[in-house]
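This briefing sets out selected features of the structure shown below, grouped by topic.

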Amino acid sequence: MVDFISSLIGNEYLATLIMSLFPLIELKGSIVYARGAGIDFFSALILSYIGSTIVFILIYFLLKPILKLLKKIKFISQLAQKAEKYCEEKAKDAIDNQRKKGKNKNFSETLLKQLGVFVFVAIPLPMTGVWTGTAIAVFLDLKFKDVILPITLGNLVAGVLISLLAELCKAVWTIAALDYILYALFFLAIILLFVLIIKVLKQKTKGEEEK
C-alpha cells in the first residue's frame with residue numbers, strides 16, 4: 001500500500017499532505033503512511049497535522065451553505081436533510097456528554113461545547129477527527145474564534161498519539177507492519193463510509209416524522 005501510494009503521487013511528502021485532507025483517513029492514515037514511506041517522525045507529524053487541520057476552515061464556512069444548496073436540488077434534497085439531521089444529533093450527543101461530565105462544575109455553555117469538540121477530535125478512533133468534529137462545532141453554533149482552539153489542540157493530541165503508536169508498531173514488529181496497518185485503515189474507512197451512509201439514510205426528516 002505504501003509503495004502504491006508513493007508511485008501514484010510521485011512524492012512521499014506530497015502524498016502525506018494530500019492523504020491528511022481526506023475524511024475518515026485524515027492524519028490517522030497519513031502519519032502511518034509517512035512513517036512507512038521513510039519520512040522522519042517530526043516531518044510526518046507536522047505535514048499530517050497541517051493538512052488535516054487547515055481543512056476545518058473550509059468545512060466550518062461551507063458545510064451549512066452546501067447543505068442548504070443541496071436541499072434545494074429536488075432529487076437529493078431529502079438526503080441533504082437527513083445528513084443535516086445526522087450532524088445535529090451528533091452535536092447534541094457531544095454536548096450532552098460534556099454536560100454530564102461537568103454537571104457539578106461551573107462551566108459556561110460555550111466552554112462545554114468547546115470541550116465536546118476537543119474530546120471528539122483528540123481521541124483517534126474511527127468516525128472521530130477534524131471533519132466530524134468541525135461539523136459538530138458548526139451545528140453547536142460555535143463561533144469560528146471558539147472553534148480554532150479545540151480543533152487545533154484536539155488534532156495535535158490525536159497526531160501525537162498516532163505518531164507514538166506508529167513508532168511502537170515499528171519497534172515491536174517491523175516497518176512492514178505499518179503497511180498492513182495502512183491496508184486495515186483504508187479497509188476500515190470504506191466500511192465506515194458505508195455505515196455512515198446507512199445511518200444518514202435511516203434518519204427521518206421532519207416531514208417523515210410528522211407522517
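Leu-14 is partly exposed, with a relative accessible area of 40%; partly exposed lies between buried (under 20% relative accessible area) and exposed (over 50%), with a 1.4 Å probe and protein chains only. The model is predicted: local features need pLDDT of at least 70, side-chain atom pairs count only at pLDDT 80 or more, and totals for chains, interfaces and linings use all residues. Residues are numbered from 1 along each chain as its sequence is written, and side-chain values use heavy atoms, leaving out hydrogens and water.

**Nonpolar surface patch**
- Leu-14 lies in helix 2, helices being DSSP runs of H or I with at least four residues, numbered from the N terminus.
- A nonpolar surface patch of about 1000 Å² includes Leu-14, Phe-4, Phe-22 and Ile-54.
- Two or more residues of the nonpolar patch come from each of helix 1 (2–9), helix 2 (12–21) and helix 4 (41–70).
- Helix 4 gives the most, with four residues.

**Nonpolar cores**
- The largest nonpolar core has 24 residues, and among those with the most contacts inside it are Leu-63, Val-117 and Ile-136; a core is a set of buried Ala, Val, Leu, Ile, Met, Phe, Trp, Tyr and Cys residues joined through side-chain atoms within 4.5 Å.
- A second, separate core of 17 residues includes Met-1, Val-2, Ala-15 and Ile-25.
- Beyond its neighbours within four places in sequence, Val-117 is in contact (heavy atoms within 4.5 Å) with residues including Gly-133, Leu-140 and Pro-150.

**Cysteines**
- Cys-87 counts as buried at 15% relative accessibility, and Cys-169 counts as buried at 14%.
- The count of disulfides (pairs of cysteine sulfur atoms within 2.5 Å) is zero.

Key:
Patch = residues over 30% accessible without salt bridge, like charges linked within 9 Å, V, L, I, M, F, W, Y side chains within 5 Å. Areas by Shrake-Rupley, 256 points an atom, 1.4 Å probe, with all protein chains shown as cover. Salt bridge = Lys/Arg side-chain N within 4 Å of Asp/Glu carboxyl O.
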